[in-house]
Number of protein chains: 2
Amino acid sequence: MATMIEERAAQAGAGPRAPIAGVWCPVLTPVYEDLLPEATRLVAHARWLLDEGCHGLVVFGTTGEANSFSVDERTDFLEAILEAGLPRDRIVVGTGCCALTDTVRLTRHAVARGIAGVLALPPFYYKNLSDEALFNSFDQVIQRVGEADFKLYLYHFPSLSGVPITPGLLERLGAAYPEILAGVKDSSGDWNNTRLLIERFPELAIFPGAETLLLPALQAGGAGCISASCNVNTRQIRKLYDDFKAGARDLAEQQERLNAVRKVLQLRPMIPVMKHLIADEQNDPAWRRVRPPLLPLPDAAARALESELGALGWRMGEA
Amino acid sequence: MATMIEERAAQAGAGPRAPIAGVWCPVLTPVYEDLLPEATRLVAHARWLLDEGCHGLVVFGTTGEANSFSVDERTDFLEAILEAGLPRDRIVVGTGCCALTDTVRLTRHAVARGIAGVLALPPFYYKNLSDEALFNSFDQVIQRVGEADFKLYLYHFPSLSGVPITPGLLERLGAAYPEILAGVKDSSGDWNNTRLLIERFPELAIFPGAETLLLPALQAGGAGCISASCNVNTRQIRKLYDDFKAGARDLAEQQERLNAVRKVLQLRPMIPVMKHLIADEQNDPAWRRVRPPLLPLPDAAARALESELGALGWRMGEA
């Protein structure tokens with residue numbers, strides 16, 4: 001049975017501005033030795049992810065170390081990867097900064113490039129903001145971007161941003177901008193919150209921020225998941241999604257298998273962990289680089305990681 | 001008796017690169033109707049603050065809504081207020097951003113303008129960073145700024161940044177850059193932390209982030225305070241500082257008076273509160289403007305604030 005999201009997507013056609021759904025990967029950002037973002041390696045990785053089954057890619061999310069890059073670095077990088085031919089309708093761009101004018105610049109730039117949508121953190125330096133304050137903030141962004149035809153996904157990641165996306169904010173924004181507000185990435189890790197969002201906002205595409213909640217989210221009417229693990233484990237995550245959509249029951253074991261891998265991946269800082277795995281798999285040490293304040297995975301941690309993943313019989317990219 | 005800070009300052013001479021001490025004001029940033037920062041009103045306010053007794057000014061701290069402005073807005077604004085003639089040796093510039101390259105640009109720019117120092121937040125998006133990760137981050141900043149002759153103050157504000165400045169980090173940075181690392185603004189509000197820093201790092205200028213800890217900080221050997229309240233209450237804060245330096249005892253009552261005013265000022269979001277007070281005092285409604293995500297003080301809150309301050313017999317700028 002088609003969900004409201006899918007109906008909306010169908011109504012909107014297959015164009016670049018349809019609401020997104022499925023298994024989306026917040027892509028890691030490879031960097032040169034001087035720590036500038038490196039388009040060539042990103043494009044190769046992105047193509048592999050799409051081949052592996054990602055419905056789409058989020059460029060410059062938390063996993064992409066978005067906030068560790070300047071606005072110019074981010075717009076230049078987006079230009080480079082689009083010029084290389086990555087499919088615009090399968091790309092969402094992270095644009096939420098602390099500074100209003102930065103968020104506006106990034107959003108306007110991405111929207112003008114015809115991408116599928118933007119994923120916006122709230123301004124995250126000041127804390128304890130009211131719904132009214134956050135509504136005003138997003139309202140200013142939308143007004144200044146000055147473009148009616150784009151899809152805005154809000155990014156709820158309270159443990160990093162310290163600024164939650166509340167149901168009250170979603171109600172106000174959805175009422176003011178029903179054609180723009182399109183969904184939420186919920187990285188709270190709290191199933192009760194994800195379920196509440198799915199139930200209360202059936203018109204929005206709600207994505208848990210990890211595949212550990214993929215099955216319950218799909219069962220409740222969620223849109224899929226946007227998960228860091230997709231960088232190394234897309235095929236298995238996509239399989240669960242497809243099996244569910246094909247009407248399969250008894251998917252608990254598949255979900256548990258995903259959970260077991262994720263548990264190991266997130267035992268240590270996930271970005272260095274996944275960059276290490278890609279570096280290893282491609283025999284390309286450059287992939288290990290991260291921007292400060294992150295550090296590459298220490299050798300001892302890498303050995304422990306490999307042993308733990310080995311014990312699960314898991315290898316990157318293998319189904 | 002001269003503290004180590006004062007000895008260092010004396011040795012360094014009265015030049016712009018001496019460690020700072022005393023009562024410093026993190027200045028509010030007035031904005032135009034389009035929310036760009038407004039140099040003319042800032043310069044007038046800054047001159048009044050220096051006349052009232054501020055030893056110096058921090059431009060683009062938390063109170064100055066620093067993170068709500070883009071890097072270009074911040075460098076342009078600094079240029080404008082320096083061109084207007086504000087004294088460079090009495091200005092510290094906030095430069096800590098999430099993005100390494102932003103922090104480097106702001107720091108290099110401020111240092112090249114000959115200001116007294118920079119006050120740097122750690123990169124504050126990713127959390128649970130090790131001392132090694134933060135050391136590497138500041139090390140990269142210092143190396144990329146490529147200038148040996150500047151003073152770096154670290155900004156500890158865990159309730160907003162979520163990323164504490166630890167004693168372990170200070171030890172490592174101080175060992176690597178003894179001529180650059182100059183002090184800490186401790187906005188934890190936790191006297192035990194401030195005292196620990198003063199005792200453990202006598203070579204650094206330690207400033208509590210509020211005047212409520214000014215007397216205990218001075219008694220323990222701290223450098224003064226860097227407090228938002230200075231925007232409206234410098235004269236009284238400076239008096240306590242001067243009386244202490246003149247050897248007065250029995251200053252507890254003065255400290256309590258400062259605390260009573262501060263308690264009212266921080267009962268509501270302090271930045272809108274202080275902008276409201278300045279707007280009122282100068283009969284200049286433009287001063288009420290704030291950048292998203294902040295909101296101006298609502299009318300009802302303003303009436304309550306005025307009544308509470310009135311009950312204390314306090315008015316802005318009156319000793």
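The crossing of helices α4(A) and α5(A) is right-handed. This is a predicted model, and its two chains, A and B, are in contact through 31 residues of chain B and 31 residues of chain A. A rotation of 180 degrees with 0.0 Å of shift along its axis superposes chain B on chain A, with an RMSD of 0.0 Å. Each chain holds an open sheet of eight strands with parallel pairing.

**Helix packing in chain A**

- Helix α4 of chain A covers residues 100-112, and helix α5 of chain A covers residues 131-145. Their axes come within 9 Å and cross at roughly 45 degrees.

**Helix packing in chain B**

- Helices α3(B) and α4(B) pack with their axes 10 Å apart, at an angle of about 5 degrees. Angles under 35 degrees count as roughly parallel, so α3(B) and α4(B) are roughly parallel to each other.
- From α3(B), the contact draws on B:Val71, B:Arg74, B:Thr75 and B:Leu78. These meet B:Asp102, B:Arg105, B:Leu106, B:His109 and B:Ala110 in α4(B).
- The contact of α3(B) with α4(B) divides into four nonpolar, two polar and three charged residues.

**Sheet of chain A**

- The strand order in chain A is β7-β6-β5-β4-β3-β2-β1-β8, in an open sheet with parallel pairing.
- At the edges of the chain A sheet are β7 (205-208) and β8 (224-226), each of which pairs on one side only.
- From one strand to the next, the twist of this sheet averages 20 degrees.
- Within the chain A sheet, strand β2 (residues 56-59) and strand β3 (residues 91-94) run parallel and are joined by three bridges. A:Leu57 has A:Ile91 as its bridge partner in β3(A).

**Sheet of chain B**

- Chain B has an open sheet of eight strands in the order β7-β6-β5-β4-β3-β2-β1-β8, and the pairing is parallel.
- Its edge strands are β7 (205-208) and β8 (224-226) of chain B, each pairing on one side only. The twist averages 20 degrees from one strand to the next.
- Strand β5 (residues 152-156) of chain B pairs with strand β6 (residues 181-186) of chain B in the parallel sense, over five bridges. One of the bridge pairs links B:Leu154 to B:Val184 in β6(B).

**Interface between the chains**

- The contact involves 31 residues of chain B and 31 residues of chain A.
- On the side of chain B that touches chain A, the elements giving two or more residues are α3 (71-83), α4 (100-112), α5 (131-145) and α6 (158-161) of chain B. Of these, α5(B) gives the most, with six residues.
- By class, that side of chain B has 17 nonpolar, nine polar and five charged residues.
- Because 100% of the interface residues of chain B are also interface residues in chain A, the copies meet through the same surface.

**Symmetry**

- Chain B superposes on chain A by a rotation of 180 degrees with 0.0 Å of shift along its axis. The two copies are thus related as by a two-fold rotation axis.
- In chain B, the C-alpha nearest the axis belongs to B:Gly162, 4.0 Å from it.

**Backbone features**

- Most residues other than glycine have a negative phi, and most peptide bonds are trans.
- In chain A, the peptide bond from A:Pro292 to A:Pro293 is cis, with omega near 15 degrees. A:Pro293 is placed in the loop between α12 (270-282) and α13 (299-311) of chain A.
- In chain B, the bond from B:Pro292 to B:Pro293 is likewise cis, with omega near 15 degrees. B:Pro293 lies in the loop between α12 (270-282) and α13 (299-311) of chain B.
- A:Asn283 has a positive phi, near 50 degrees. A:Asn283 is found in the loop between α12 and α13 of chain A.

Key
Residues are numbered from 1 along each chain as its sequence is written. Chains are lettered from A and ligands numbered from 1 in the order in which they are written. This is a predicted model: local features need pLDDT of at least 70, side-chain atom pairs count only at pLDDT 80 or more; totals for chains, interfaces and linings use all residues. Axes are lines fitted to C-alpha atoms, for helices over the stretch in contact, and angles run from 0 to 180 degrees between N-to-C directions. Helices (H or I, at least four residues) and strands (E, at least two) are DSSP runs, numbered from the N terminus. A crossing is left-handed if the near helix is turned anticlockwise from the far one by less than a right angle, and right-handed if clockwise. Two strands pair if DSSP finds at least two bridges between them. Two residues are in contact if their C-beta atoms, placed from the backbone, lie within 7 Å. Ala, Val, Leu, Ile, Met, Phe, Trp, Tyr, Cys and Pro count as nonpolar, Asp, Glu, Lys and Arg as charged, and the others, Gly among them, as polar. Copies are superposed by least squares on the C-alpha atoms of residues with pLDDT of at least 70 in both. Angles under 35 degrees count as roughly parallel, over 145 as roughly antiparallel, 65 to 115 as roughly perpendicular and the rest as oblique.
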